[in-house]
Amino acid sequence: MRIIFLALVVSCVFGCSNNQQKATVVAGQQVVLEEVSAVDVVSLLADPEAYNGKEVVLTGTVVHVCKHSGKRLHLMGSDEKTKIRVEAGAIGKFERELEGSNIVAKGIFRREVIDEEYLAKWADELGKEGEHKSHEEQEEEQGKIKQYRQMMKKTEDGRLENFWVDGISFETVEEDVAI
Amino acid sequence: MKINWRKINNILHRDVGYFFVGMTIIYSLSGIALNHIDDWDPNYNIENKRIHVDAKMLSPSMSSAEVDQLIDKLNVDKKIKKHYYPNPQTLKVFLNGGSLTMNTRTGVGFLETVDRRPIFYEVNYLHYNHTKFLWTWFSDIFAGGLILLAITGLFVLKGKNGLKRRGVWFVLVGILIPLGFLLVYL
């Protein structure tokens, strides 16, 4: 009897947490996605202004999960070229096993324009608040500013656009989702 | 009637200690694992292997059946999830527990296998509080339990091994070590 009890406890402790993220996950709880029409990554980025700041339900294939933190993943659209970053946010963390899986993710679409004014403000803040950051952090941010400036030179309008989705929940699906 | 505070203290220390044995091991193990996060991946055992195949086996538009054959040829015992081409000369195959990246021109590639570390994956999962909800409460209670264990631990014994004689030196050193680190690094 004791052995059976111990086996039950052990299987619960390890078995329960061993489930892959198959079901919908939000902040660690099982929920059901609301019935909002899903949009492919390609369609979303074709008209970013229409979705800016709005809740979207996005479909695509996970091609990368941040290895260190699991705090973000890259979702690829149906054209196998267009990708967007999904931040874990309320979801907490993405498991590495998600790479190669098709998912339906719900979140808030964000669009950020990076221009010279944006970078000048960033550099100014870094100069003022730099003492609160380590030398490595300062160097990293300065490197990013420099990199963005170089990238901006190659664009026609001298600015860059950054897109991402702040994740709320997601669900893995077996097959490619037809839009 | 005189209340025997030491007896109550010792019973509390003993039973709270029994109750939180599992939690202490969970948080200690994951604490060690996460402390060395720069040196290893505490959740996954990752292996990378360089692979070379005849480039004729590869093309920039392989079907699922052809990719299946490639995986069989490489003796990879993992199921294929999906494949795609990040660029015309790179084939990426996602596997259940890893991925394969091949240069379709040269036939050179890398097989990455990713397997969960037994025990560590589970304890880290709990330590990171991915389950949220009730686990947040239970782990908060555990944290309170640790404080209770520390305080009641001070008063378990009296006499030459008690707090006032032998114990005080251990307590002082245990407090001075973290303070020393703060003084040096903060």
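**A helix pair in chain B**

Mentor: H1(B) passes H5(B) in a left-handed crossing. Left-handed means that the near helix is turned anticlockwise from the far one by less than a right angle; clockwise would be right-handed. Before going on, note that this is a predicted model, where local features need pLDDT of at least 70 and side-chain atom pairs count only at pLDDT 80 or more, while totals for chains, interfaces and linings use all residues. Residues are numbered from 1 along each chain as its sequence is written, chains are lettered from A, and ligands are numbered from 1, in the order in which they are written.

Now the geometry. Two packed helices are described by the angle between their axes and the distance between the axes. Helix H1 of chain B covers residues 5–19, and helix H5 of chain B covers residues 134–154. Helices (H or I, at least four residues) and strands (E, at least two) are DSSP runs, numbered from the N terminus. The two helices pack at an angle of about 140 degrees, with their axes 9 Å apart. An axis is a line fitted to C-alpha atoms, for helices over the stretch in contact, and angles run from 0 to 180 degrees between N-to-C directions. H1(B) and H5(B) are therefore oblique to each other. The scale is this: under 35 degrees is roughly parallel, over 145 roughly antiparallel, 65 to 115 roughly perpendicular, and the rest oblique.

Which residues make the contact? H1(B) brings B:Asn9, B:Leu12, B:His13, B:Val16 and B:Gly17. H5(B) answers with B:Gly145, B:Leu148, B:Leu149, B:Thr152 and B:Gly153. Two residues are in contact if their C-beta atoms, placed from the backbone, lie within 7 Å. By class, this contact has 4 nonpolar, 6 polar and no charged residues. Ala, Val, Leu, Ile, Met, Phe, Trp, Tyr, Cys and Pro count as nonpolar, Asp, Glu, Lys and Arg as charged, and the others, Gly among them, as polar.

Next, another pair in chain B. Helix H2 (residues 21–35) packs with H4(B) at an angle of about 100 degrees, with axes 8 Å apart. That makes H2(B) roughly perpendicular to H4(B). On the H2(B) side, the contact is made by B:Ile26, B:Tyr27, B:Leu29, B:Ser30, B:Ala33 and B:Leu34. On the H4(B) side are B:Phe120, B:Val123, B:Asn124, B:Leu126 and B:His127. The residues here divide into 8 nonpolar, 3 polar and no charged.

Step back to the whole of chain B. Domain 1 is 5–41 + 119–155, and domain 2 is 45–116. These bounds come from an automatic or database domain assignment. The centres of the two domains, taken over C-alpha atoms, are separated by 43 Å.

Some loops in chain B deserve a look too. Most residues other than glycine have a negative phi. B:Ile119 has a positive phi near 70 degrees. B:Ile119 sits in the loop between strand E5 (108–116) and helix H4 (120–127). B:Ile119 is partly exposed, with 14 other C-beta atoms within 10 Å. A residue is buried with 20 or more other C-beta atoms within 10 Å of its own, exposed with 12 or fewer, and partly exposed in between; C-beta atoms are placed from the backbone. B:Asn75 is not a glycine, yet has a positive phi of about 55 degrees. B:Asn75 lies in the loop between helix H3 (64–73) and strand E2 (80–87). With 6 other C-beta atoms within 10 Å, B:Asn75 is exposed. B:Asn96 belongs to the loop between strand E3 (90–95) and strand E4 (98–103). B:Asn96 touches B:Lys78, B:Lys79 and B:Lys81, not counting residues up to four places away in sequence.

Finally, chain A. Chain A has 5 helices and 8 strands. Of its 179 residues, 24% count as buried. Helix H4 (residues 116–129) and helix H5 (residues 135–153) of chain A pack at about 165 degrees, with axes 11 Å apart. That makes H4(A) roughly antiparallel to H5(A). H4(A) also passes H5(A) in a left-handed crossing. Where do the chains meet? 14 residues of chain A are in contact with 16 residues of chain B. The chain A side of this contact divides into 2 nonpolar, 8 polar and 4 charged residues.
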